[in-house]
Amino acid sequence: MTHHFSAGASLLGLGTAGFALGSTRKRDVTLKPLSALLLGVGLVLMSSAAHADQFKQAADNARIECEVSRRELTRIALVGDQIASVSKISAGNPYSDFAVSNEPVRGDLYLSVPPTFAGADISFFATSKKGYVYKFACRTAEIDAQQVFITNPGLVASEAADWENESTPADAAIRLVRAMAGGETVPGFVIRQAAGVPARVGSISVQLIAEYEGAALHGQMLRVTNLGRATATLREADIASQATLAISLTATSLKPGEAATAFVVTPSMAN
């Protein structure tokens with residue numbers, strides 16, 4: 001049975017027009033065209049967004065391969081953790097050395113490879129504040145400034161599980177919708193921004209804005225735009241699949257050219 005909530009009750013005044021909550025059920029393999037597009041659009045759009053930032057997964061003592069800029073800075077950040085120290089060999093000459101700066105507030109690293117650097121790659125070790133050690137082995141390239149985000153699945157799963165276990169699965173799904181609508185970070189969840197080319201079904205265009213990936217829940221924030229010449233009606237039932245745990249729309253009726261945001265929560269893709 002699906003329960004419906006008013007905008008004020010569901011998102012505490014965040015401006016959503018509708019909210020629905022469902023129980024976990026077997027995934028529907030015969031989804032409506034719009035529903036299938038909304039739930040699968042992330043797999044298509046994230047591939048194009050991946051060219052902007054580098055996302056890596058690594059366990060303790062793992063080797064992390066990445067690409068760093070030879071002409072601009074490269075930022076390395078740990079998701080849910082901070083880099084406490086770096087160990088590298090300092091050659092003392094510009095032909096075989098590079099600079100590493102450990103930013104004290106967020107614990108990020110900033111790498112600088114000088115134009116005189118003669119090697120094709122760099123390597124160093126980093127120890128995090130939560131006790132994890134990573135070996136970085138990165139190629140250098142004539143590219144723009146880079147950002148590398150490192151996720152430790154064990155750390156993320158543990159923190160996400162703690163956050164999700166603070167309430168029932170239904171309440172956790174509602175909390176995730178609220179967090180996405182408010183642009184909040186969620187403990188233990190990996191948040192990926194997207195800027196891919198919108199997909200289209202009929203007069204409706206759908207673009208993935210962000211994804212929230214936790215131990216048990218997967219959230220998608222999508223922009224839905226009416227590209228047609230007539231007013232379009234959006235319904236949760238047209239977007240939700242059998243696997244949907246919670247869904248909310250900022251509008252249920254779109255005039256030509258108008259857009260709304262959809263927040264969809266399903267079981268984590270890792271499950």
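**Pocket, strands and rings**

Tutor: In this predicted model, the lining of the largest pocket comprises 13 nonpolar, 5 polar and 6 charged residues.

Student: What is the volume of the largest pocket, and which elements give two or more residues to its lining?

Tutor: The largest pocket has a volume of about 620 Å³. Of its 24 lining residues, Val79, Arg106, Phe149, Thr185 and Ile191 are the closest to the centre. The elements that contribute two or more residues to the lining are β5 (74-78), α3 (153-164) and β12 (190-193).

Student: In which sense does strand β4 pair with strand β10, and which residue in β10 stands opposite Val68?

Tutor: Strand β4 (residues 63-69) and strand β10 (residues 133-141) are joined over 7 bridges, and the sense is parallel. Within β10, the residue opposite Val68 is Thr140.

Student: Which residue in the turn of the hairpin formed by β9 and β10 has a positive phi?

Tutor: Strand β9 (residues 121-128) pairs with β10 in the antiparallel sense over 7 bridges, and Asp121 has Arg139 as its bridge partner in β10. The hairpin leaves 4 residues between the two strands. The turn residue with a positive phi, of about 95 degrees, is Gly131.

Student: How many aromatic pairs does a search of the whole structure find, and why is the pair of Phe55 and Phe149 classed as it is?

Tutor: The search of the whole structure finds 6 aromatic pairs. The ring centres of Phe55 and Phe149 are 5.5 Å apart and their planes lie at 20 degrees. Planes under 30 degrees apart count as stacked, so the pair of Phe55 and Phe149 is stacked.

Student: How many residues apart in sequence are the parts that this pair ties together?

Tutor: Phe55 is partly exposed at 32% relative accessibility, whereas Phe149 is buried at 17%. Because Phe55 lies in strand β3 (residues 54-57) and Phe149 in strand β11 (residues 146-151), the pair ties together parts whose separation in sequence is 94 residues.

Student: Is Tyr134 buried or exposed?

Tutor: The rings of Tyr132 and Tyr134 are stacked, with centres 6.5 Å apart and planes at 20 degrees. Tyr132 has a relative accessible area of 22% and is partly exposed. For Tyr134 the relative accessibility is 3%, so Tyr134 counts as buried.

Student: Over which ring does the charged end of Lys88 sit?

Tutor: One aromatic cluster is formed by Phe98, Phe117, Phe124 and Phe136. The charged end of Lys88 lies 4.6 Å from the centre of the ring over which it sits, that of Phe98.

Note on methods: Residues numbered from 1 in each chain as written. Predicted model: local features only at pLDDT ≥ 70, side-chain atom pairs only at ≥ 80, totals over all residues. Heavy atoms only, no water. 1 Å grid on protein atoms, 1.4 Å probe; cavity = no way out; pocket = protein on both sides within 12 Å on 5 of 7 lines; lining within 4 Å. Points joined across faces, edges and corners; volume = space filled by probe spheres on them. Nonpolar A, V, L, I, M, F, W, Y, C, P; charged D, E, K, R; others polar. Pairing = 2+ DSSP bridges. Phe/Tyr/Trp six-rings, centres within 6.5 Å; stacked < 30°, edge-to-face > 60°. Buried < 20%, exposed > 50% of the residue type's maximum accessible area, 1.4 Å probe, protein only. Lys NZ or Arg CZ within 6 Å of the ring centre and 35° of its normal.
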